[in-house]
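User: Can we go through the aromatic contacts in this one? Structure first, please.
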Amino acid sequence: MKLWGGRFTANTDQAVQDFNESLSFDRRLYKQDIAGSIAHVTMLAKQKILSEEDRDAIIAGLNGIKDDIENGTLAIEGDYEDIHSFVESNLTERIGEAGKRLHTGRSRNDQVALDMKMYVRDEILETDELLKHLLEVLLKLMEEHTETYMPGFTHLQKAQPTTLAHHLGAYFEMFKRDRGRLHDVYERLNYCPLGSGALAGTTYPLDRNYTARLLGFYGATLNSMDSVSDRDYLIEYLDALSIIMMHLSRFSEEVILWNSNEYRFVELDDAYSTGSSIMPQKKNPDIAELVRGKTGRVYGALMSLLTTMKGLPLAYDKDMQEDKELSFDAIDTTKDCLKLFADMLDTMKFRKDVMEASAKRGFTNATDAADYLVNRGVPFRDAHGIVGQLVLKCIKQGIALDDLPLDAYKEICPVFEADIYAAVSLKTCVEKRVTMGAPGSEAMQVVIARYKNYLENV
């Protein structure tokens, strides 16, 4: 069924019809389409544009269609152009003439703009819940690992000692910012376009703010041309999803490294890893690798929509139908990645002994050895050179600074005393770092308490 055709005298070519249809992918908007239609006819009856009898018949018919779709007795399929024509056609078949009055005072342009906004609004809330769950997993691990020492890296080179709690806290900050971005997108999009018509409003006395309130919007949009041609909210959401995926990809890269034989920092649960068809010893981090790989897929949706929108004149153009398929895929992909990554992380085992040994072998306490000398009157530049000589000596002997005999320390600089070993222990190196945001346990407990409060209230 088409919602147009009066001025046409010939049938649409089948290839054109197949190329033009969107039911195959916009079928997922049926809930939003029906909810928007119910609000629309409720408003029409309030404004005396539609009788109460027609309103009640339409609402009953729409609810029946929704129930039948969800219980499987009505399949969203057939020779329909889109979800809008599917719903309206089925409604008219069920209730007769009243169904033909559903579309009074609206266009498919504002109808699809509404459906997509409502869909994105729902998906933002679902994405936020998944992010919150991931943050809860991270916080639990942080609480467990405030004294799990590990090397911190710059340039993928061991740099200074830190803790696993501190390292995971960096990702907590990233995903916390992601939730903030989702909130910002929600706040900007939550204005209702319904009642904008094709582009220039309508001559019917609609109460657009009433419709907006029925649908949970803050109010009605203020320009009908922008209302039907705006996809900024979707671009912003895809941008937020892309940044989420970038953060997941960075984390996945570290999990992949940590899972390697060279690092051995973690052991993945069997449920979240796979084996090799030929090499029986393999335990592959496939979930992390797929998350890393799917990041490009989400980026692609963002770039596709930006490119689609960049040359469109006002107001609505059919190009905008391309806002859906890749966006739906990006939304599904990100949500799947968030759920699987959180579950993988929650079941992962951390090798505390290996992490601590790696921090020692990497001379991550070298800066603290230099600070030891500075605190005893040695200029920092001289202290830097002295400790560099000590590191070279340790490398030649295959030992850590913690294992170097005191006479070897004194041979290079007589200022060293027996307390150097306490000064360069990983525990001391970490615990001395007490500034806000540092890995020392005192600073970390303050941050953890703030994170708990955040999750309880946001």
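Analyst: Buried here means under 20% relative accessible area, exposed over 50%, and partly exposed in between (1.4 Å probe, protein chains only). This is a predicted model, where local features need pLDDT of at least 70, side-chain atom pairs count only at pLDDT 80 or more, and totals for chains, interfaces and linings use all residues. Residues are numbered from 1 along each chain as its sequence is written, and side-chain values use heavy atoms, with hydrogens and water left out.

User: How many aromatic pairs are there?
Analyst: The count is 13. Rings of Phe, Tyr and Trp (its six-membered ring) pair if their centres lie within 6.5 Å; planes under 30 degrees apart count as stacked, over 60 as edge-to-face and the rest as tilted.

User: Why does Phe172 with Tyr451 count as stacked?
Analyst: Their ring centres are 3.8 Å apart and the planes are at 15°, so the pair is stacked. Phe172 belongs to helix H7 (residues 164-189) and Tyr451 to helix H19 (residues 441-457), 279 residues apart. Helices are DSSP runs (H or I, at least four residues), numbered from the N terminus.

User: Is Tyr451 buried or exposed?
Analyst: Tyr451 is buried, at 6% relative accessible area. Phe172 is also buried, at 0%.

User: What about Tyr263 and Phe265?
Analyst: That pair is edge-to-face, because the centres are 5.3 Å apart and the planes at 80°. Both residues are buried. Tyr263 and Phe265 form one aromatic cluster with Phe153 and Trp258.

User: Switching topic: which ring does the charged end of Lys176 sit over?
Analyst: The ring of Tyr454, 5.3 Å from its centre. The criterion is NZ of Lys or CZ of Arg within 6 Å of the ring centre and within 35 degrees of the ring normal. Arg121 likewise has its charged end over the ring of Phe217, 4.3 Å from the centre.

How values were computed: Helices (H or I, at least four residues) and strands (E, at least two) are DSSP runs, numbered from the N terminus.
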